[in-house]
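Visitor: Please show me the structure, and let us then discuss it by question and answer.

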Amino acid sequence: MHIYLYEPRSNAFSGLLSELDAAQWQTVAVGDDFFERELGLLSGDGYADRPVLLSEQPRTVEHIFRLRKSGCRNPILVLRDQRDPEAAMEALDAGADDDIVGPLTGPELRSRVNAITRRFHGHAAGSVQIGDITAYFDGRDPDVAGTAMRLSQRELAIFQQIALAAPRVVPKSVIYDAVYGMAEDQPFDKVIDVYICRIRKKIEEMSPSSDPHIRTIRGRGYKLAPGAQVSQEAEAPRLSLASTSHVVQKAKLG
C-alpha cells in the first residue's frame, strides 16, 4: 500500500520510514514544494486510497487546506509528538481525517487508514457479506463459503477495491490507479483483466454454486455481486415493460 509522507525532520524521518517499511508500506517522501504545485495526482472523480501522513509542522494546516481545496479525497492523517487538543481541532477542522500522537506503528496506521476508507465507502463494520463471500477490510484474505481464499498481494489489492465499492461498479482505471498509480514501472492496463480472471477462477472453484461473483459491466468496469442478484436486476426491466404494456392495453379498453 502506498503512502505520501511529509516529515521534514531528517532524524524523525528515518525512524518513521523504517517503521513503515517494516509494515510493508511503500512510502513516497514529499516536501513543502509538493503542496505548492499542481495536486491533480490526488484529485479526481474516484476516491484515492493512498493516504497522506503529515507530521506536525508550522505549515501542516496550510497543507491540509491546499489538499482539500484541490479536490483531494485521500485519507489525511496528522502525526504529532505530544498531545495538543487545540492544534488537533484545527487540523481536523481543516480537513484531516485523523490526528495521532506518536510514536506510531505501521500496523496501527494501516488499521486507522482502513477504518477511514471503509467508512468513506459506507461500510461501518470491518467486513461485508456478498453472496458466498465475506470480504474483510483489515488486510485479511476473503472467505468463500466459510473457507479462506488465498490471494497474492496484488490480487488482494484488486479484490479489495471491488469489495469496498460493492454493490457499485468500479471503473478499471480506478483499480489500476489504486494498485499501480505510483509504481515506477507501470504495466499495460490489461494486467487488471488478467488478475480479475484469476480471482474469478478461485472464487468459482470454492463457491458451492460455482458463482464467480465478480461481474464485468461492459464499458464501465467491475462489480461484486452474487448471481442471484444479477438475475433479479436483469428481470426488473422486463417486468417493468410488461407492467407498462398492461396499463396501455387497459387504457385502450377504457
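Visitor: Which residue just after α2 takes a positive phi?
Guide: This is a predicted model, and α2 covers residues 60–69. Just after this helix, a positive phi of about 100° is found. The residue that takes it is Gly71.

Visitor: Within what arc do the buried residues of α2 fall, seen down the axis?
Guide: An α-helix has 3.6 residues a turn, so residues three or four places apart point the same way. The buried residues of α2 line one face of the helix, because, seen down its axis, they fall within an arc of 155°.

Visitor: What covers the buried residues of α2?
Guide: The cover includes strands as well as a helix. Among the strands are β1 (2–6), β3 (52–55) and β4 (76–80). The helix included is α3 (85–94).

Visitor: How are α2 and α3 oriented, roughly parallel or roughly perpendicular?
Guide: The axes of α2 and α3 come within 9 Å and cross at roughly 15°. Angles under 35 degrees count as roughly parallel, and the crossing of α2 past α3 is right-handed. The angle therefore makes the orientation of α2 to α3 roughly parallel.

Visitor: Which strands stand at the edges of the open sheet of 5 strands?
Guide: The order of this sheet is β2-β1-β3-β4-β5, with parallel pairing. Two of its strands have a single partner strand each, so one side of each is left without a neighbour in the sheet. The edge strands are β2 (26–29) and β5 (98–101).

Visitor: What does the twist average from one strand to the next in that sheet?
Guide: The sheet in question is the open one with the order β2-β1-β3-β4-β5. From each strand to the next, its twist averages 25°.

Visitor: In β3, which residue is the bridge partner of Leu5?
Guide: β1 and β3 run parallel and are joined by 3 bridges. The partner of Leu5 in β3 is Leu53.

Visitor: Which residue stands opposite Leu79 in β4?
Guide: β3 pairs with β4 in the parallel sense over 4 bridges. Opposite Leu79 stands Ser55.

Visitor: Which residues of β4 point the other way from Ile76, Val78 and Arg80?
Guide: In a regular strand the side chains alternate between the two faces of the sheet. In β4, 5 of 5 residues are buried, and Ile76, Val78 and Arg80 point one way. Pointing the other way are Leu77 and Leu79.

Visitor: Which strands stand at the edges of the open sheet formed by 4 strands?
Guide: The order is β6-β7-β8-β9, and the pairing is antiparallel. Each edge strand has a single partner strand, so one side of each lacks a neighbour in the sheet. These strands are β6 (127–130) and β9 (147–148).

Visitor: In β9, which residue is the bridge partner of Val144?
Guide: Strand β8 (residues 143–144) runs antiparallel to β9, and 2 bridges join them. The partner of Val144 in β9 is Thr147.

Visitor: What percentage of the residues of the protein count as buried?
Guide: The secondary structure comes to 8 helices and 11 strands. Of the 254 residues of the protein, the buried share is 41%.

How values were computed:
Residues are numbered from 1 along each chain as its sequence is written. This is a predicted model: local features need pLDDT of at least 70, side-chain atom pairs count only at pLDDT 80 or more; totals for chains, interfaces and linings use all residues. Side-chain values use heavy atoms; hydrogens and water are left out. Buried means under 20% relative accessible area, exposed over 50%, partly exposed in between (1.4 Å probe, protein chains only). The arc is that of the directions from the helix axis to the C-beta atoms. Contact means heavy atoms within 4.5 Å. Two strands pair if DSSP finds at least two bridges between them. Axes are lines fitted to C-alpha atoms, for helices over the stretch in contact, and angles run from 0 to 180 degrees between N-to-C directions. Angles under 35 degrees count as roughly parallel, over 145 as roughly antiparallel, 65 to 115 as roughly perpendicular and the rest as oblique. A crossing is left-handed if the near helix is turned anticlockwise from the far one by less than a right angle, and right-handed if clockwise.
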